[in-house]
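Student: Please take a close look at one part of this structure and describe its surroundings. I would then like to see how that part relates to the rest of the chain.

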Amino acid sequence: MVNPAPSARRNAASAKSEQRIRDILRVGREVFAEKGYEHATTADIAQRLGVSEATVFTYFRGKRELCLRVIEDWYDEIIGAMEAGLPKDRPVRAQLETFVATHLRLFLIQGTGLCALVLSEGRSKGQVLADSLLPLQRRYTAPLMDLLARGQASGEVRSDLPLRLMRSLVLGPMEHILWEAVGLQERAIDIDATATALVGMLWSALAAPEAELKALRELKAALRQALAQT
């Protein structure tokens, strides 16, 4: 019988390790969502996965590291969906509605558990995970900052306010909506209707005063140019 080559054995072991990490993260997400950071344990995760707690510690040094990786992967999914889903060929207001709806939907897609975990742990420096969550929170707000910056460049969004202030104007109400959803677990919110209503209120503060007139002038100029070329 021919034994597998060392490289083949290494590849097999690596694939097994990667699958084990994915399994731990999947079950860890479930446990942290159900129990929160304080009450979840690595023993809970190991038991649900059917392995020893030592196996979990083989890949993660402890609960904090595991929880941060769970949240980081979750943020990566949200950021990817945000960046891929924005209809950049449409007006900024339509893109903003997509951003808000996607944000709310993805934060609540697996129930309110992870949403509550991130909201509670990220609110103050006194929380166990707060400082480590800050870079992740900056990353997931980057698509919004880019959207607002593009809106300013196109003349659709007012340019007399700093981007960070407009970012807070958008994210602040969404956080309150998410907290409301956490408190009303038995009753789901209408995400699309909520996003449309919220952006309707925000747009009066975000829109450039001359945006509609500027857009009309650009349309007329484009039509004149097209007619001149025929």
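Tutor: A residue is called buried when its relative accessible area is under 20%, exposed when that value is over 50%, and partly exposed in between, with a 1.4 Å probe and protein chains only. The model is predicted, and for that reason local features need pLDDT of at least 70 and side-chain atom pairs count only at pLDDT 80 or more, while totals for chains, interfaces and linings use all residues. Residues are numbered from 1 along each chain as its sequence is written, and side-chain values use heavy atoms, with hydrogens and water left out.

Helices are DSSP runs of H or I with at least four residues, strands are runs of E with at least two, and both are numbered from the N terminus. Contact here means heavy atoms within 4.5 Å. Once neighbours within four places in sequence are set aside, the residues that Gln95 touches are Leu86, Pro87, Lys88, Arg90, Leu147 and Arg150.

Further along, Thr102 also lies in helix α5. With a relative accessible area of 17%, Thr102 counts as buried. Beyond four places in sequence, its contacts are Ala81 and Met82.

Rings of Phe, Tyr and Trp (its six-membered ring) are paired if their centres lie within 6.5 Å; planes under 30 degrees apart are stacked, over 60 edge-to-face, and the rest tilted. There are 5 aromatic pairs in the structure. One of them joins Phe107 and Tyr140 in a tilted arrangement, with 5.8 Å between centres and 45° between planes. Because Phe107 is in helix α5 and Tyr140 is in helix α7 (residues 130–154), this pair ties together parts that are 33 residues apart in sequence. Phe107 and Tyr140 are both buried. Together with Trp74 and Tyr75, these two residues make up one aromatic cluster.

Phe32 and Tyr37 count as stacked because their planes are at 10°, with the ring centres 6.3 Å apart. Phe32 is buried, as is Tyr37. The ring of Tyr37 also has the charged end of Lys63 over it, 4.4 Å from the ring centre. A charge sits over a ring when NZ of Lys or CZ of Arg is within 6 Å of the ring centre and within 35 degrees of the ring normal.

Helix α6, at residues 113–121, is mostly covered, with 8 of its 9 residues buried. The buried positions are Gly113, Leu114, Cys115, Ala116, Leu117, Val118, Leu119 and Glu121.

Charged side chains come next. A salt bridge requires a side-chain nitrogen of Lys or Arg within 4 Å of a carboxyl oxygen of Asp or Glu, and the structure holds 11 of them. In helix α4 (residues 63–85), Asp73 and Arg69 are 4 residues apart, about one turn of the helix. An α-helix has 3.6 residues a turn, so residues three or four places apart point the same way. Asp73 and Arg69 form a salt bridge whose closest N and O atoms are 3.2 Å apart; Arg69 is partly exposed at 33% relative accessible area. Another salt bridge links Glu65 to Arg61, with 2.6 Å between the closest N and O atoms. Glu65 is partly exposed at 27%, and Arg61 is exposed at 75%. A further bridge, at 2.8 Å from N to O, connects Arg158 and Asp160. Arg158 is partly exposed, with 23% relative accessible area, whereas Asp160 is exposed, with 53%.

The chain contains 10 helices and 0 strands. Of its 230 residues, 37% are buried. Among contacts between residues at least 6 apart in sequence, 69% link residues at least 24 apart.
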